Amino acid sequence: AMSWFSNMFGPPPPEPKEQVREWKRRLRHEQRALDRQIRDIEREEMKIKASVKEAAKKGQVDVCKILAKSLVGSRRARTRLHASKAQMNSVMMDMDHQLAMIKMSGAIEKSTQVMQVMSSLVRVPEIQATMFAMAREMEKAGMIEEMIDESMGAMEGEDVEEEADEEVAKVLFELTEGKLNLAPSVIADLPEQEEVAAPAEAEDALSARLQALRT
């Protein structure tokens with residue numbers, strides 16, 4: 001009789017306590033994956049820094065600029081992943097509260113805090129698919145309101161170009177100990193990646209590896 005019921009109406013929803021524990025397990029798993037990504041990005045950053053110094057010695061300013069831009073991008077990605085880990089911690093703390101409430105009421109209660117954090121996490125490219133699936137489960141369980149699909153779009157592109165140029169200028173100054181002290185306007189005027197001659201080809205491979213880490 002139970003199998004007939006399941007076939008007609010699908011499997012019964014998980015017990016509230018088990019559902020919350022499962023979310024906690026998955027969040028911890030995602031945090032460990034983010035830790036691995038952060039370590040990989042840090043290793044790539046070390047390689048990029050060494051390449052910048054090498055290119056600076058050869059006077060390859062355009063190559064230095066391309067590498068510094070990829071370093072700025074990787075630093076932003078790393079900051080984003082650290083922030084995501086902290087947000088996951090706040091969701092897990094709310095899960096502990098949910099478990100305490102379930103003991104009293106037997107049901108999952110709505111949480112505006114989890115709603116806000118999940119709205120942010122579903123926009124982080126590195127964890128978007130997993131967080132999207134978890135958010136849908138939380139909606140069904142009544143923990144959060146239904147999210148509008150627009151809020152699940154990826155994060156906006158890497159901010160304002162002018163701001164990026166300022167960061168690149170700072171990175172170049174820092175890595176070359178002041179030898180490459182370029183104004184942001186000069187950075188903006190330097191040739192883009194496709195215009196740079198052969199010396200940049202090795203750096204393209206490095207950028208590709210870095211991009212692969214973030215996806």
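Helices (H or I, at least four residues) and strands (E, at least two) are DSSP runs, numbered from the N terminus. The model described here is predicted: local features need pLDDT of at least 70, side-chain atom pairs count only at pLDDT 80 or more, and totals for chains, interfaces and linings use all residues. Residues are numbered from 1 along each chain as its sequence is written, and side-chain values use heavy atoms, with hydrogens and water left out.

The protein chain holds 8 helices and 0 strands. Its pattern along the sequence is α-α-α-α-α-α-α-α. The chain has 215 residues, of which 38% count as buried. Buried means under 20% relative accessible area, exposed over 50%, and partly exposed in between (1.4 Å probe, protein chains only). Contact means heavy atoms within 4.5 Å. Among contacts between residues at least 6 apart in sequence, 76% join residues at least 24 apart.

Helix α2 has 42 residues. At 1.5 Å a residue it should span 62 Å, and its end C-alpha atoms are 62 Å apart, which agrees. The expected span of a helix is 1.5 Å times one less than its number of residues. Just after α2, G59 takes a positive phi of about 75°.

Helices α2 and α3 pack at an angle of about 165°, and their axes are 9 Å apart. Axes are lines fitted to C-alpha atoms, for helices over the stretch in contact, and angles run from 0 to 180 degrees between N-to-C directions. The two helices, α2 and α3, are therefore roughly antiparallel to each other. Angles under 35 degrees count as roughly parallel, over 145 as roughly antiparallel, 65 to 115 as roughly perpendicular and the rest as oblique. The crossing of α2 and α3 is left-handed. A crossing is left-handed if the near helix is turned anticlockwise from the far one by less than a right angle, and right-handed if clockwise.

Two residues of α3 were examined individually. V63 is found in this helix. Its relative accessibility is 1%, so V63 counts as buried. V63 and S51 are 12 residues apart along the chain, and their C-alpha atoms are separated by 9.1 Å. D94 also lies in α3. This residue, D94, is buried, with a relative accessible area of 10%. Leaving aside neighbours within four places in sequence, D94 is in contact with S111, Q113 and V114. Between D94 and S111, 17 residues apart along the chain, the C-alpha separation is 8.2 Å.

The axes of α3 and α4 come within 10 Å and cross at roughly 150°. That makes α3 roughly antiparallel to α4. The crossing is left-handed.

Helix α4 buries V114, M115, V117, M118 and L121. These buried residues pack against α3 and α5. The axes of α4 and α5 come within 9 Å and cross at roughly 150°. Helices α4 and α5 are therefore roughly antiparallel to each other. Their crossing is left-handed. The contact is made by V114, M118 and L121 of α4 and by M131, M134, A135 and M138 of α5.

Helix α5 (residues 128-141) has 14 residues. From its first C-alpha to its last it reaches 20 Å, close to the 20 Å expected at 1.5 Å a residue. The buried residues of α5 are M131, M134, A135, M138 and E139. They cover an arc of only 145° around the axis, which puts them on the same side of α5. The arc is that of the directions from the helix axis to the C-beta atoms. An α-helix has 3.6 residues a turn, so residues three or four places apart point the same way. On the other side of α5, A129 and K140 are exposed. What covers the buried residues of α5 includes α2 (16-57), α3 (61-105) and α4 (112-121). Just after α5, G142 takes a positive phi of about 85°.
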